[in-house]
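This briefing concerns aromatic rings and their surroundings. Please look over the sequence and the structure before reading on.

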Amino acid sequence: MARFCNICNRSFPTQRGFLAHGASYHRHPKPKALPRVIQYHPLLSAQPCNAEGEYLQDLDAPPPPRDIREGFDPFPDRPSFEAGELLFEKMAASKGDLEHLFRILHAKKILDGHDAEDDALFSSHQHLLDTIDAIPYGDSEWTTFVIRYAGPVAPDAPKWQRESYIVHARDSRTVVANMVSNPDFNGSWDMCPYREFDEHGTRIYSNLLSAHWSWKQADLIAQDPETHGAMFVPLCIAADKTTASVATGNQEFHPVYLMAGNVTNEMQRAHRDAVVPAAFLPIPKGYYSGREPL
């Protein structure tokens, strides 16, 4: 017999699932919310607009439908797309196995009388990866570049001034754009800075956009009339030290994490895509004579 949660308005086909849901979400029920008054920023009001940034005249207009086209670009057809999904995502086939498979398929096409120049699905392991990287949807693409100290280097200069370091990063604007368009954040995304007060007029601080700083920043930005109606999206950046040990020779990196301040505190703790990596910075080491590296 199905079970129903009156708090969440959800049904569960088994009692085990219902009990697990209650233990996870309702073990410590929240007290009933007290009456509150919310004042939203009057100028940075997150007014709805189209893709070109032009504000909509009808504020009640429904959002445009999500892109549900059946095209498979940059794959030539659906079988090629499904083959790439199977080999790369589901099977996680190695480079050697992929090269072996593509050689077998290519030889089969030649035996069947096809032109030897025609590829069977993909010409190589790298061809498959390049096609996947060319997909214009999904996460922001990672880029890798090398940096090094550009100042004068003395003969007794420390080692870090003479070495090159690898940096992995991706476009932060694209990362944030993916967050803004993520439907999972619907209902857990603050559109504009606000002031919240309880029934006694006492200021309540909870999410980042309820902070005094957010309101002050919105006032500064709104001094430019061109920004009126825009959405304020503050970025929170954090770094930590860890050791990347896969194919990097145990090189140490500082992972840089990015989060949009509009996401509510509860969603930040619950959703893995609320905080995402944006870069991996190398850690150069300096030395003192006779001491451990800094």
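Which residue lies over the face of Trp215? Arg195 does, at 4.0 Å from the ring centre, where a charge sits over a ring if NZ of Lys or CZ of Arg is within 6 Å of the ring centre and within 35 degrees of the ring normal. The model is a predicted one, in which local features need pLDDT of at least 70 and side-chain atom pairs count only at pLDDT 80 or more, while totals for chains, interfaces and linings use all residues. Residues are numbered from 1 along each chain as its sequence is written, and side-chain values use heavy atoms, with hydrogens and water left out.

**Aromatic pairs and cluster**
- The structure holds 11 aromatic pairs, a pair being rings of Phe, Tyr and Trp (its six-membered ring) whose centres lie within 6.5 Å, with planes under 30 degrees apart counted as stacked, over 60 as edge-to-face and the rest as tilted.
- One of them joins Phe75 and Phe81, which are edge-to-face because their planes stand at 85 degrees, with ring centres 5.5 Å apart.
- Phe75 is buried at 4% relative accessible area, whereas Phe81 is partly exposed at 30% (buried means under 20%, exposed over 50%, partly exposed in between, with a 1.4 Å probe and protein chains only).
- Phe75 and Phe81 belong to one aromatic cluster together with Phe72, Phe102 and Phe122.

**A pair between strands**
- The rings of Trp142 and Phe280 have centres 5.6 Å apart and planes at 35 degrees, so this pair is tilted.
- Because Trp142 lies in strand β4 (residues 142-148) and Phe280 in strand β11 (residues 276-282), the pair ties together parts that are 138 residues apart in sequence; strands are DSSP runs (E, at least two residues), numbered from the N terminus.
- Trp142 is partly exposed at 35% relative accessibility, and Phe280 is partly exposed at 27%.

Key
Helices (H or I, at least four residues) and strands (E, at least two) are DSSP runs, numbered from the N terminus.
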